[in-house]
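Hi there,

Here is the structure I promised to pass on. Please have a look at it first, and then read my notes below.

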Amino acid sequence: MRERYATIDYHTAGEPFRIVPELGIPIAGADVASKRVSAMASPNVDRVRQLLCFEPRGHADMYGGFIVEPNDDGAHLGVLFWHKDGFSTACGHGTIALGVWAVESGLVAAERSGTTDVIIDVPSGRVTARVHTDPDGTVTGADFINVPGYVLAQQVPVSTSRGAVLADLTFAGAIYAQVDASTVGLSIDPEEVSEVIAFGREVKWLLNDSPHAQHPSDARLSGVYGTILFSDHSADGVVRQRNATVFADGELDRSPCGSGTCARVATLTEQGALPVGSELVHDSIVGSRFLARVVAEVVEAGRRATTTQVSGMAHKTGEHVFEVDPRDEMTPGFVLR
């Protein structure tokens, strides 16, 4: 018999998100963070990740998630995020997609007020997708409210193939290194995508095992998840930046990156460049946009931290039933990067 896996696909600001409502394989763990560890160690679970992410069913920049039980009754669902290289700890664009899917599918009933909170347990904590609907129930937008973000290290010198650069490292569900693209002669434009990916990948691996990339309380969250290359376009009191986030091992986010946007907000707030109450206009390499602002200031791990709301929208692109022919020699698939 052929294996069959049903998915619902969305994109958020251009970045794909493949939802798998029923995996059909039990994943051990008392909470979502523990389930991620179990999934990473399970050949059967990881094989399905590869099937749905690798070519010919996916591609090197595919992203998705397995729906799992939440930590407790306080959340509507849990999710294990995945990409071509494994399982991530956070995903803002995926959280927005999950919120829109939950309301559009009826999994979570839309509130008459026009604002519905979909509570989701992810490996880095509990997050919220705040989904907005018009009077007839049509989704018009969604916000991602993340776990608190805080700066781990500022202006860390890194010797790269393009010369010495300075990187800020910030946790916002995952750890991001942030570098001003202009300091290495790069532009955040599709024409420079190969150079952007190569440099982002290089910075990630140069910093990944450094003391600056260690989470203060949970080793499972340590390591650089992504490199954010940014350029500043602020004017007339509006804080606006364009970014390319290179995550995992060379994946390029088509969206402005949800958790990466939260990292930028935490960094800019710490630097005094984004006053609390102001909005960050955050654009991606393909021109899509998130709007972000601090909704709370807290203390996390002994540091000043910001709870950030990122506003965007997700759109359904299709439903699929993927099959695996037992005679197919290209199972589970392949990637070319």
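Let me begin with a hairpin: 5 residues lie between strands E7 and E8, and in that hairpin Gly137 takes a positive phi near 90 degrees. The labels come from DSSP: helices are H or I runs of at least four residues, strands are E runs of at least two, and both are numbered from the N terminus.

Before going further, a word on the source. This is a predicted model, in which local features need pLDDT of at least 70 and side-chain atom pairs count only at pLDDT 80 or more, while totals for chains, interfaces and linings use all residues. Residues are numbered from 1 along each chain as its sequence is written, and side-chain values use heavy atoms, with hydrogens and water left out.

Back to the strands. E7 (residues 125-133) is joined to E8 (residues 139-145) by 6 bridges, and the two run antiparallel; strands count as paired if DSSP finds at least two bridges between them. Here Arg130 has Asp143 in E8 as its bridge partner. E7 also pairs with E6 (residues 115-122), again in the antiparallel sense, over 8 bridges. On that side, Thr116 has Val131 in E7 as its bridge partner. E6 and E7 make a hairpin too, with 2 residues between them.

Now the chain as a whole. It holds 5 helices and 18 strands. A compact globule of 337 residues would have a radius of gyration near 20 Å, and the 19 Å of this chain agrees with that; the radius is taken over C-alpha atoms, and the globule rule is 2.2 Å times the number of residues to the power 0.38. Along the principal axes, the C-alpha atoms fill a box of roughly 55 × 50 × 40 Å. Among contacts (heavy atoms within 4.5 Å) between residues at least 6 apart in sequence, 62% join residues at least 24 apart.

Gly78 lies in strand E4 (residues 77-83). Why does Gly78 count as buried? Its relative accessible area is 0%. Leaving aside neighbours within four places in sequence, Gly78 is in contact with residues including Val32, Phe66, Pro70 and Asp121. Its C-alpha atom is separated by 21 Å from that of Pro43, 35 residues apart along the chain.

Arg49 has its place in helix H2. H2 (residues 43-53) is mostly covered, with 8 of its 11 residues buried; Val45, Val48 and Leu52 are among them. Arg49 counts as buried because its relative accessibility is 4%. Not counting residues up to four places away in sequence, Arg49 touches Phe54, Phe66, Trp82, His83, Lys84, Asp85, Gly86 and Phe87.

Arg57 is found in the loop between H2 and strand E3 (64-68). With a relative accessible area of 12%, Arg57 is buried as well. Beyond its neighbours within four places in sequence, Arg57 is in contact with residues including Arg18, Leu51, Glu323, Asp328 and Pro332. The C-alpha atoms of Arg57 and Pro332 are separated by 9.4 Å, although these residues are 275 apart along the chain.

Notes
Buried < 20%, exposed > 50% of the residue type's maximum accessible area, 1.4 Å probe, protein only.
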